[in-house]
Amino acid sequence: MSNVGLNIGLKALLTAQTSLDNVGHNISNASTPGYSRQHVLISADPAITVRGLAIGNGVSAQSILRTVDALVQRRLVQQQGSISQLNQRLTGMSQVESLFSEPSDNGLNNLMQGFYTSLSSLSSSPDDLVQRTGVVQAAQSLTGRLNELTSSLSSARKDNASAVAAQVSQVNTLTTQISKLNQQIAAFEGGGAPANDLRDQRDEALKSLSKLVNISTNEGPDGYVTVLTNGALIVGKTKAYTLSATVSFDGTVTIKAGSSPKPVNVSGGSIGGLMSLSQNFVPDLMTRLNALAHSLIGASNHAHSTGIPSAGPFQSLTGTNSVQDKNNNGDLGDELLSNAGLPFDVQGGALYVNMTNRSNGTFTSTRIDIDPASTTVRDLLTTLNSIPHLNASLDSNGRLQMTANSGFGFDFSSRLNPHPDTEGTLGGGAASLGTSGSEPFSLAGGDTLTIGGPAGAFTVTLDQTQFSDITKATAAEIAAAINSDSATATSGMRAVAQDGHLFLQSLTTGSTTSFTVNGGTALGALGWSAGTTATGQDNSVSPTLSGVYTGTTNTSYTLVPSMDGEIGTTPGLTMDVLDASGLRVASLDVGSGYQPGTSLALPTGLNISFGVGSVSATNGDQLTIEALADSDTSHMLVALGVNSLFTGTDAADISVNQSILSDPRNFAASGSGASSDNTALRALIDTRDLPSSALGGVSTGEYYGNVVGGIGFEIDSTSNASQVEQTLLDSLQSTRDQTSGVNMDEELVNMLRFQQTYTAASRYITAVNSTNDDLMRMI
Amino acid sequence: MIPLQNLLNSLQAWAQEELAGQRRMHVLIERQESRLCANDPDGLLLATQALEPELEAQAERVVKRQRLFAAAARHWKVDPGALSLTSIVERCAPQPGLAKLRDELRVSTTELLRRNRRFSALASSHRRFIEELVNALIESGDPKSTRRGGTLVDAEA
């Protein structure tokens, strides 16, 4: 009996001690991160029977258990990953936002405005060297800021990528720790008791891991926990699998697990945030900034390339962009313009090249039609070289080089030619006969023309080999065929093509010069009748063009006399003005009463005057005037970097053209060559508000505003999401604390309550002792 | 004067009541021990408070026992203090029922006293530990002043 009593007492003492030790353990770890409150599982031992009496056998501690809600714990781990990812993104995006320094004096927006403001200032006195220097400096500030921004973004990307590598190292430390804890827990629990503190340590390690990467966990029946990130196993039952991160030169990060060659796309935790920053957010910004710079270069160069610098037309020019041998055959000439490796697209359109005779200021304009899908680099060079006094070639770097012969200069402006009738097809001094119809002409190989010319009769035979398709012959092909015929060479005549019409003309002028179309098989197709005679005149109508074309697209106007007659003399003589589609848009009265040399208004800002002389509707007199809003609709000059304001292709390499930096007078502000003209400059200013399809239909300013606004929006969205997630995390943490945390107040209140209870209990202990001591004496 | 057999019957009834009461107290003291070990102050207080009616009932049984012993003393004309349950059994003709109850009562009372003392020792030890913890928790921070811990006047001030 006494042994039993001693045993019960000892068990009770041990149990009480265990409980108190547990209280102490809980209190000691109240501030330990991740500690889960523990409780002692106590149960009454089975009663024993002594002399027929069932006597209680006391209590004993069965086990010490963690108070944990596994579901809350798991959600807490996942939530940590979400919030870490958002906070990392928020930090990174805020840093990137600060790089843009908007709004500030050094912000790109202000520098863009500064650039356009300097252009506006220059427009009032386009030849002012001080103002030109201001434009160059503003352009330099703008390009420098773009370069700096790109460099900063690139560094930010690499920094984030490097941070990924550093944090991957922390992941490996944690996964190794978790793996070791797995082993310890399994070994400890093999003895039958739960490994509470080790499990708390493992939970804490998992929580730390989830702050770095998004994880999913699974606990097996033997206490091991396996951990996966985006499907890749990083903690197995027996070991941890090392994550590795490789960062390429451009900042691309690749994460792999163990020896698996398959990349792991970590999307959560701070590494997920860093990956999102370095692989998406920053590169996307760089792409958008590059698009902005590309568009700025393209639009500005397009306006500038057709301008004329202070010194007037160019003597020589070299493009800044190189043609590339894309088909690797060692020949740059055979590359199609659509596939010549040029940084800006060549479009289907026309390029106008003006050649100026420096001795008298007259110039001729040549239209070059370009189809990038069929025009080769060699075709372009051949056409350029066919322009009198102009030489074009590629230099050793594949850049276009153009040089004018001495005494000549060239430019690409849309300036008006004040003397447009260079061929004398409208009342010129030479005898002239034009076709009433325009190309194509349906001829046949071997067709002939027999003409009685100033030097005698001759016959021209049309050679089929000189036509692409002689049944659809162009005026230019026919003129070339006639002019190349040996019979023409000595005939004192020539053929001219203009706006699809073919003209036969005498080489000499004057009223004594004439020729007659005598016959030939080609007459019918050309609409001429045998016996038609053309006679020259001593005067020349010589139309003179003035004004500024105010249209927004390229067009042409054709002047056709309403009858045969003399300017200013013949009653009822008018000059019909046809638009590009052949519709009459005006009729100019040049008959009796018209004073030769008086300007008459053409549509859209142009004026024309006519000198003394005769015009002939019968002989097909007419003149086509090109009215240009854009003299390079093919964007050929931008693609080749000819007469460019900016060099480079994106935000990283955009720069002001070195020739302009060296001498601001090379800035091409003029559209006509006159020093006071600011036409090209105004076109450049207009690019500020020009919508760009490459920028989604908005201007560069709006686009940049969207870029900066987009960053702010992303930050706001992420910040809001972070706050929501933080609230959820706080709620989960609160739930976890209520379940698993040590409540110091509660523990203290319990102990104070114990103290109160001892007083009551001691009274009863005394009473029980006293009463039963008496009883023992009575038994 | 109460006939002897009636007196013996009454004593047997008293002994049975006493045994039943002690069994209930055994349970309550065991519950006190269990609640103390489980750090359950509320449970301990409930178990302790439940002893109150048991002790009152036992006090009534003491009065009843004293009255029966006084009657027995008058029967044998001896001083009541000279009698015990054992001497009463020896003075009478064989009383196997009362003798058995006397033995059970002796075992039960001995165990009750032992358990009560054990709980007393346990509570005393528990009280010291709790005092230490309370002092540690609400002490002023001075390592030498642990014993002064719990002086809430300072904290309130």
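Two residues are in contact if their C-beta atoms, placed from the backbone, lie within 7 Å. By that rule, 43 residues of chain A are in contact with 47 residues of chain B. This is a predicted model: local features need pLDDT of at least 70, side-chain atom pairs count only at pLDDT 80 or more, and totals for chains, interfaces and linings use all residues. Residues are numbered from 1 along each chain as its sequence is written, while chains are lettered from A and ligands numbered from 1 in the order in which they are written.

Stay with the side of chain A that touches chain B. Helices (H or I, at least four residues) and strands (E, at least two) are DSSP runs, numbered from the N terminus. Four elements of chain A each supply at least two residues to this side: helix 1 (2-28), strand 1 (38-44), strand 3 (53-55) and helix 15 (744-778). Helix 15 of chain A gives the largest share, 22 residues.

Now step back to the whole of chain A. Its secondary structure comes to 15 helices and 33 strands. The radius of gyration of chain A is 46 Å, well over the 28 Å that the globule rule gives for 779 residues, so chain A is more spread out than a compact globule. That radius is taken over C-alpha atoms, and the globule rule is 2.2 Å times the number of residues to the power 0.38. Along its principal axes, the C-alpha trace of chain A spans about 170 × 55 × 45 Å. Buried residues make up 42% of the 779 residues in chain A. A residue is buried if 20 or more other C-beta atoms lie within 10 Å of its own, exposed if 12 or fewer, and partly exposed in between; again the C-beta atoms are placed from the backbone. Among contacts in chain A with a separation of 6 or more, 70% join residues 24 or more positions apart.

Next come the helix pairs. Two packed helices are described by the angle between their axes and the distance between the axes. Axes are lines fitted to C-alpha atoms, for helices over the stretch in contact, and angles run from 0 to 180 degrees between N-to-C directions. In chain A, the axes of helix 2 (residues 70-100) and helix 14 (residues 700-740) come within 8 Å and cross at roughly 155°. These two helices of chain A are therefore roughly antiparallel to each other. Angles under 35 degrees count as roughly parallel, over 145 as roughly antiparallel, 65 to 115 as roughly perpendicular and the rest as oblique. The crossing of helix 2 and helix 14 of chain A is left-handed. A crossing is left-handed if the near helix is turned anticlockwise from the far one by less than a right angle, and right-handed if clockwise.

Chain B has a helix pair too. Its helix 1 (residues 4-37) and helix 2 (residues 41-49) pack at an angle of about 165°, with their axes 8 Å apart. Helix 1 of chain B passes helix 2 of chain B in a left-handed crossing. Helix 1 of chain B brings B:Leu28, B:Arg31, B:Gln32, B:Arg35 and B:Leu36 to the contact, and helix 2 of chain B brings B:Gly43, B:Leu44, B:Ala47 and B:Thr48.

Back in chain A, look at a sheet. Two strands pair if DSSP finds at least two bridges between them. An open sheet of 3 strands has the order 16-20-19 in chain A, with antiparallel pairing. Strand 16 (430-434) and strand 19 (493-498) of chain A stand at the edges, each with a single partner strand, so one side of each is left without a neighbour in the sheet. Neighbouring strands of this sheet are turned by 25° against each other on average, direction ignored. Strand 19 and strand 20 (residues 501-509) of chain A pair over 6 bridges. A:Arg494 has A:Gln505 of strand 20 as its bridge partner. Helix 8 (residues 475-484) of chain A lies across strand 19 and strand 20, running at about 165° to strand 19.

Finish with the backbone. A cis peptide bond joins A:Glu102 and A:Pro103, with omega about -5°. A:Pro103 is found in the loop between helix 2 and helix 3 (108-124) of chain A. Phi of A:His635 is near 60°, a positive value in a residue other than glycine. A:His635 is buried, with 23 other C-beta atoms within 10 Å.
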